[in-house]
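Subject: Handover of a structure and the findings in it

Dear colleague,

Please find below the structure that I am passing on to you.

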Amino acid sequence: MNEIAGDVDSVVLDIDGVLVDVADSYRRAIVESVERVYDRTIRKEDIQQFKDAGGFNNDWELTYAAALYVLATGEGYRKSIDEFTDAIAAAGGGLEAAESVIREDLGARATQRILGRWDRERLRDVFQQLYLGEELYRGLEGGDPDIETRGFIHDEPVILEAATIDALTATYDVGVLTGRPEAEAEIALERVGLEVAPENRFTMDDWEEGKPHPRALTTLAERFESRRTAFVGDTLDDVRTAVNASEADPDRDYDGIGVLTGGLTGEEGRRKYEAEGAAAVVDSVNDVPALLES
């Protein structure tokens, strides 16, 4: 599929699943954080169901939602992960929708018991310890860890090739739009060898709305004085961000490009991207220069 018409003059890149593979880092941290705090957890493959539901670009919030599901099953919630995430999507996506789904199914009293055990602060802290490891945790979180670990952040294979960096930066203005905190985004960019000026990045720390809200993408396009911007991402919310930007900023064109190196893979992943309005779907970010040249 390729519906990109006209000349793209700026390319905005997501990080997770696009520049680096996070299957054994962020996604592993989600599963193991819930396991450590509650002795039960979801499967790694269930994570994509939350991503597809929308509103979970912040992996801490996805961890909270996964823990909420685990706690709810202990109070009699009998729906499958598929049914739970479908209900979240129908309610608008995100953590607030997850809470409303549980409350509607189980009622106020059971929900109150669940919320009493729902320790988001501890979940986040465990997540950060597992993901960052002891040394980075001390430096970035400013505390002493209680978990001994090297850190899953060191298990992120690089996807973006040097030749792709050269091809993109030689031809296009290049920006970054990610749900990562700024410090963790900087670590990933250094690892892949991509230099992007701070004013051409949006991280978790730079905007409150999060994807698929279009503000960050339209702001980058404005800063680049771009006529047509391609946004390369690995989730449906990334494609939705580009679609929403087109509606919010009709004076410019925006193309969402989905890659198959994240949680969405194969023909099913391609079909889901296309259903959300992706202008193109490619095997990896390294196919983007050829796509745009064609």
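Nine aromatic pairs are counted in this predicted model, where rings of Phe, Tyr and Trp (its six-membered ring) pair if their centres lie within 6.5 Å, and planes under 30 degrees apart count as stacked, over 60 as edge-to-face and the rest as tilted. Tyr-69 and Tyr-77 form an edge-to-face pair, because their ring centres are 6.0 Å apart and their planes stand at 90°. Tyr-69 is buried at 12% relative accessibility, and Tyr-77 is buried at 3%; buried means under 20% relative accessible area, exposed over 50% and partly exposed in between (1.4 Å probe, protein chains only). Phe-127 and Tyr-131 make a tilted pair, since their ring centres lie 6.4 Å apart with planes at 35°. These two residues, Phe-127 and Tyr-131, are four residues apart in helix 7 (residues 120-141), so about one helical turn separates them. Helices (H or I, at least four residues) and strands (E, at least two) are DSSP runs, numbered from the N terminus. Phe-127 is buried at 1% relative accessible area, as is Tyr-131 at 0%. Ring pairs also join Phe-50, Phe-56, Tyr-69, Tyr-77 and Phe-84 into a cluster.

On the model's basis, residues are numbered from 1 along each chain as its sequence is written. Local features need pLDDT of at least 70, side-chain atom pairs count only at pLDDT 80 or more, and totals for chains, interfaces and linings use all residues, while side-chain values use heavy atoms, with hydrogens and water left out.

Two arginines sit over tryptophan rings, a charge being over a ring if NZ of Lys or CZ of Arg is within 6 Å of the ring centre and within 35 degrees of the ring normal. Arg-120 lies over the face of Trp-118, 4.4 Å from the ring centre, and Arg-124 lies over that of Trp-60, at 4.0 Å.

Lining residues of a pocket have an atom within 4 Å of a point on a 1 Å grid over the protein atoms alone; a pocket is an open set of points where a 1.4 Å probe fits, with protein on both sides within 12 Å along at least five of seven lines. The largest pocket holds about 220 Å³ of space, the volume being that filled by probe spheres set on the points, which are joined across faces, edges and corners. Its lining includes Gly-55, Trp-207 and Lys-211. About 170 Å³ lies in the second largest pocket, to whose lining helix 2 (47-53) and helix 12 (266-275) each supply at least two residues.

Yours sincerely
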